[in-house]
Amino acid sequence: MTDRAEFTPHGKHLIAGEWIASKEQFSSEPAHGPTHSFSVGTVDLVNQAAEAAEEAFWSYAYSTREFRANFLEAIADEIEARGVAITQIGTQETGLPEARLNGERGRTTSQLRLFASHIRKGDYLDRRHDPALPDRQPAPRPDIRLVERPIGPVAVFGASNFPLAFSTAGGDTAAALAAGCPVVVKGHSAHPGTGEIIAEAIHAAIAKTGVHPGVFSLIQGGRRDVGTALVQHPLIKAVGFTGSLAGGRALFDLCAQRPEPIPFFGELGSVNPMFVLPGAAKARAEELGTGWAGSLAMGAGQFCTNPGIAVVLEGSDADRFVASTTKALSQVGPQTMLTDGIAKAYRDGQARFKGRNAVKPIYETVSEGREANPNLYEITGDKFLADHALSEEVFGPLGLVVRVGSVDEMQHMARNFEGQLTATIHMDAADTEAAQKLVPVLERKAGRVLVNGFPTGVEVVDSMVHGGPYPASTNFGATSVGTMSIRRFLRPVSYQNFPEALLPEDLR
């Protein structure tokens, strides 16, 4: 198709190749532009989608890697063909700038193509073969082969803060489809029109490549019973989720309580602490403060890798760091947040800091409506450790400076953090000994440890880990970004004494 500059949603669900309306409707709440009506999801639609996904599994899971790679590339092509229209509806619904949506669309199509390339290579299959030893004593050894196999239909929950890269055709969906697993997506009500046009692209790719239509369904909106029904449906074998700790934990518990418990791969957020070592602070406090402010306020702070806490040694270098951060934040104007609910949650998060005598306001602003202004506070290390609420994520451009008296106290701070997506060390050569003390602690706390950088950029590559110990995510051994994320939707199977004709094609 040729690109359309305008897109008017029809507001229906896509269930196994059919666009279906439901009686109850909800209205979108765009940051600007027209509102649209969308069908509300139902438990019956969940059942239809899950049954269609199970039916599709028997052909799709046993298709060739080349067939699935072509399908992933076709989805990417269809998304790109709708690029202008996707940006138009996406900016209206989320308030994100065009450049951000265009970049995120590129990330979305790139990771689809990355998975296509990854499965063509076949390394992810982890193929192993121990040949038979018929003459072994005291007993012969059978022929045993191993390969990774797809687990079954996967449920994916769209994320509020990434309407493309972590939603309808985002990383969870791409990884599951690459593995050979059909997908049922519960669209996020913050950007239903964006979800619909992406579903339209997947629908077109299905028609183009001859994939079973049950391999993908999108259920829009819906009350809590829809999400509950999806994670508890007996045909769903895993769940991918990016969102809040409270929402993710509730779904995680539902998955564990099923008669057949299933894995829940939830990415739940993080405060992503930074540790500014003394040599780095002395050499470049102003540069680090400016860089932190930029990372903190990027995208109104609506990134799960937003570095919300900076731990620094008390003294004049810390003063310079704070002054530089304050100056940079004061030049950041109000930014539109993704939803009214997220904006309210940001104001509530700020209220946690304003209501504590131990917390000193450094740069304090007022945010109203859907707009967010940056804020900066500071506290001493001992008082921070005495108040757990201050270590909870604030989703927005709010930073906390924690001043400590020594590198040993900094290490003690690191030990007391909960699980994180990222942790950062800012250091110079003179800080090597101090950094060596921190690294063993931080690698136990975070999925990604950085040196001299800021964590808000997440590269989609083979070596990326986007996950971490709880509460950053619900499965510390998994990642939701990078090719290793395909492992979430596979399981190893051994084949003993199989004749060639019965082996999976990838083992022959």
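Which helices and strands each supply at least two residues of the lining of the second largest pocket? Helix H1 (43-60), helix H2, strand E6 (144-150) and strand E21 (490-496) do.

The legends below describe a predicted model, in which local features need pLDDT of at least 70, side-chain atom pairs count only at pLDDT 80 or more, and totals for chains, interfaces and linings use all residues. Residues are numbered from 1 along each chain as its sequence is written, and side-chain values use heavy atoms, with hydrogens and water left out.

**View 1. The second largest pocket and its lining.** The pocket has a volume of about 500 Å³. Its lining is made up of 28 residues, and Phe57, Ala61, Tyr62, Arg149 and Pro150 are the closest to the centre. Strand E21 gives the largest share of the lining, four residues. On a 1 Å grid over the protein atoms alone, a pocket is an open set of points where a 1.4 Å probe fits, with protein on both sides within 12 Å along at least five of seven lines; lining residues have an atom within 4 Å of a point. Grid points are joined across faces, edges and corners, and the volume is the space filled by probe spheres set on the points. Helices (H or I, at least four residues) and strands (E, at least two) are DSSP runs, numbered from the N terminus.

**View 2. The open sheet of seven strands.** The strand order is E2-E1-E9-E8-E7-E10-E11, and the pairing is mixed. Strand E2 (18-20) and strand E11 (264-267) are at the edges with a single partner strand each, so one side of each has no neighbour in the sheet. From one strand to the next, the twist averages 20 degrees. Two strands count as paired if DSSP finds at least two bridges between them. Strands of a sheet pair through backbone hydrogen bonds, either parallel or antiparallel.

**View 3. The E1-E2 end of the sheet, with Ala16.** Strand E1 (residues 13-15) pairs with E2 in the antiparallel sense, over three bridges. Leu14 has Trp19 in E2 as its bridge partner. Ala16 lies in the loop between E1 and E2. Its phi is positive, about 50 degrees, although Ala16 is not a glycine. Ala16 is partly exposed, at 22% relative accessible area. Buried means under 20% relative accessible area, exposed over 50%, and partly exposed in between (1.4 Å probe, protein chains only).

**View 4. Helix H5 across the sheet.** Helix H5 (residues 171-179) lies across strand E7 (154-157), strand E8 (183-186) and strand E10 (238-242), and runs at about 170 degrees to E8. Axes are lines fitted to C-alpha atoms, for helices over the stretch in contact, and angles run from 0 to 180 degrees between N-to-C directions. Contact means heavy atoms within 4.5 Å.

**View 5. Salt bridge between Glu80 and Arg113.** The two side chains meet at 2.9 Å, N to O. Glu80 belongs to helix H2 (residues 65-81) and Arg113 to helix H4 (residues 98-121), so the pair ties together parts that are 33 residues apart in sequence. Glu80 is partly exposed, with a relative accessible area of 40%, and Arg113 is also partly exposed, at 29%. The structure holds 25 salt bridges, each defined as a side-chain nitrogen of Lys or Arg within 4 Å of a carboxyl oxygen of Asp or Glu.

**View 6. Salt bridge between Asp428 and Arg284.** The closest N and O atoms of Asp428 and Arg284 are 2.8 Å apart. Asp428 sits in the loop between strand E19 (420-426) and helix H14 (432-445), and Arg284 in helix H9 (residues 278-297), so the pair ties together parts 144 residues apart in sequence. Asp428 is partly exposed, with a relative accessible area of 23%, whereas Arg284 is buried, at 17%.

View 7. Gln137 and Pro138 are joined by a cis peptide bond with omega about 10 degrees. Pro138 is in the loop between strand E5 (128-130) and E6. The bond from Tyr470 to Pro471 is cis as well, with omega near 10 degrees, and Pro471 is in the loop between strand E20 (446-451) and E21. Asn272 has a positive phi of about 50 degrees although it is not a glycine. Asn272 is in the loop between E11 and strand E12 (274-276) and is buried, with a relative accessible area of 0%. Most residues other than glycine have a negative phi, and most peptide bonds are trans.
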